[in-house]
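Biologist: Let us go through this model together. I will ask, and you answer briefly, please.

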Amino acid sequence: MKNAKKVAIIMLVAIAIVMGGYIAYSLAVQPEYQPQIEVFPGQIADDEADASVWGEFYPEHWESYQRNYEMRPTRYNGSVPEDKTIMYPYLPIIYGGMGFAEDYLEDRGHVYSVEDIRHIHESRRPLAVCWTCKSSQAHLIIEREGVDYYSMAWGDLEEEVVHPIGCLNCHNPEDMSLTVRNPAFIEAMDRLGIDVADATQQEMRSYVCGQCHVEYYFRPDDKYLIFPWDNGFHPDDIERYFDDIGFNDWTHAITGAEVIKIQHPEFELWSLSTHGQAGVSCADCHMPYVRVGNTKMSSHHWQSPLNTLNESCRTCHIQSVDWLRQQVYDRQDKTKRLLDIAAYALVDAIEEIALALEEGNYNEQSLEEARYLQRRAQLRVDFFIADNSTGAHNPTLALEVLGVAIEQAHEARKAAEMARLGELYEAPRDIQRGEGARDDAYLEQYN
Ligand code: HEC
Ligand code: HEC
Ligand code: HEC
Ligand code: HEC
């Protein structure tokens, strides 16, 4: 009995020593991941737009990049190019008169970007400037053509552009450092007082994505590509920007409202999010480190992190993959519900304006108010239709903005109703963020 106890204690101590040793070993021998970049200076031309040429030097990255051809749906997103009206049946009404009402597909992998834009419905006939975010050749053509590039016709470049988004969009082939190519991103950041040339490595891991995954517009006179960030990234800031310059993307076919189409504002929502504020980059979640043979590399299969929760999230979060998936689903379900409520309220408003127009003899001023409120609600609803994460990127902002959109859509309907009745609509008080909150000075008294 006594001996058995002794043996047990010795065994426990032995196990503890082995485990302790292993932990010490792994901490010492497996340092924090540092990208071990083999470079081939001068061997890949600095205008090499063909990713397969880079692939000869970086076979593992090329293989990872090839996986972007895979297609797989997730609860709300993923890479299957499904018609968006299946999940958002109200799109044809809220996008009335615009190409997206006819043709709006779920996004898919980077390797499809050239193919997908070529096959776009004629109602969304692309402009040459659309190549800016679809091809690794774009910045080379911008360098060659100068500002004339922006007003070129689609047909002018249709033959020339063959390479989809590739290595050259994000890397400098000399040393494989991250780089941004799109002048619109550099200029918009500059107007915010941020010099992209001074960015940290961690910032670059999001900036390369911010070249394309953003809201943008084409300046009406010369189609110059601009990101509307001068006032900030919040939908309120972007609305103010467009209001100040009197911009609209299209005129709503049913109501005549001057409306804005928001495009994939991932960078904006991420910037204002808990993760963005904590310095977690797009690449942290979308390009997790994966093991290939005995080397670790950044995944170049840009996809839904729901497919890689272990690699993407558990570097920071200690919970299980199932728990993390549930957290994402929970935020998405709540966002989607609010989004649907807001969108159907917008549909009601559009129908009420249509009725007023049909009946004629309405109060002009009230109807103008109704149209403006439709514009306001449309911009906010669209922020969360166009962002590809269904609220996962910034669930608290979704809550605020969609709540405001519901109010604006209801007011639009009310204004249209009053217009029909020949009455003058009066806006309710505008509730500002932080109303009624106690300030720091007040709280100090209790410290
Ligand atoms: C904290 C992790 C995290 C960060 C940081 C993050 N994302 Fe995401 N992203 C997600 C999640 C979760 C989804 C939802 C995936 C789904 O529903 O399948 C998503 C979805 C997406 C999608 C759509 C994917 C699909 O399957 O259609 C795109 C595109 C995207 N993110 C781009 C970005 C960009 C660009 C940035 C940086 C500006 C960024 N993300 C930052 C977690 C993240
Ligand atoms: C959309 C942007 C983007 C594209 C396109 C892209 N990369 Fe990367 N790449 C990154 C990011 C982000 C990292 C991580 C860099 C870091 O953290 O220092 C990276 C890292 C790398 C590294 C360093 C080792 C590693 O895995 O972290 C190599 C080598 C590399 N990429 C090769 C390629 C090749 C080859 C292609 C084309 C087939 C390519 N990349 C396309 C964004 C991109
Ligand atoms: C040059 C423009 C460009 C850059 C740079 C870029 N993207 Fe994309 N991205 C796109 C386009 C365009 C699509 C949609 C392609 C399609 O559907 O044909 C897309 C699609 C995606 C998807 C959806 C794939 C799917 O499975 O549905 C993800 C995720 C994504 N990008 C993440 C990123 C991340 C992360 C970065 C930065 C590391 C990045 N992208 C950089 C233009 C870009
Ligand atoms: C580089 C570190 C890092 C990575 C990678 C990361 N997170 Fe986080 N996450 C944080 C930090 C920091 C917070 C802020 C709260 C905290 O400190 O826990 C946070 C907060 C959250 C929250 C609560 C806030 C919110 O937005 O609702 C959720 C949910 C979350 N993370 C899920 C994820 C998921 C899912 C992934 C992977 C797709 C992921 N995180 C990847 C660091 C990270």
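Biologist: How many residues of domain 1 are in contact with residues of domain 2?
Modeller: This is a predicted model, where local features need pLDDT of at least 70, side-chain atom pairs count only at pLDDT 80 or more, and totals for chains, interfaces and linings use all residues. Residues are numbered from 1 along each chain as written, chains are lettered from A and ligands numbered from 1 in written order, and side-chain values use heavy atoms, without hydrogens and water. Contact means heavy atoms within 4.5 Å. On the domain 2 side 38 residues take part, and on the domain 1 side the count is 45.

Biologist: Which residue ranges do the two domains have, and what separates their centres?
Modeller: The bounds come from an automatic or database domain assignment. Domain 1 covers 51–304 and domain 2 covers 324–431. Taken over C-alpha atoms, their centres are separated by 26 Å.

Biologist: Which residues does isoleucine 385 touch?
Modeller: Residues up to four places away in sequence are not counted. What remains is Lys84, Tyr88, Tyr90, Leu91, Ile94, Tyr95, Tyr104 and Leu339.

Biologist: Which residues come nearest to ligand 4?
Modeller: A residue is near if one of its heavy atoms lies within 4 Å of the molecule. There are 14 residues around ligand 4. The nearest are His275, Cys313, Cys316, His317 and Arg331.

Biologist: What is the distance between a polar side-chain atom of arginine 331 and an oxygen atom of ligand 4?
Modeller: A polar contact is a pair of N or O atoms within 3.5 Å; within protein, one must be able to donate a hydrogen and the other to accept it, and residues adjacent in sequence count only if both atoms are side-chain atoms. Histidine 275 has a side-chain N or O atom 2.8 Å from a nitrogen atom of ligand 4. Histidine 317 also places a polar side-chain atom 2.8 Å from a ligand nitrogen. For arginine 331 and the ligand oxygen, the distance is 2.5 Å.

Biologist: Where does ligand 4 lie, between the domains or within one?
Modeller: Domain 1 and domain 2 both give residues to the shell around ligand 4. Therefore ligand 4 lies between them.

Biologist: Which residues are closest to ligand 1?
Modeller: Ligand 1 is surrounded by 24 residues. Each domain supplies at least three residues of that shell. The closest are Thr74, Cys282, Cys285, His286 and His393.

Biologist: What is the distance from serine 304 to an oxygen atom of ligand 1?
Modeller: Aspartate 107 has a polar side-chain atom 3.0 Å from a ligand 1 oxygen. Histidine 393 has a side-chain N or O atom 2.8 Å from a nitrogen atom of ligand 1. From a side-chain N or O atom of serine 304 to a ligand oxygen, the distance is 2.6 Å.

Biologist: Is threonine 390 buried or exposed?
Modeller: Threonine 390 has a positive phi of about 50 degrees, although it is not a glycine. Its relative accessibility is 1%, so threonine 390 counts as buried.

Terms used: Buried < 20%, exposed > 50% of the residue type's maximum accessible area, 1.4 Å probe, protein only.
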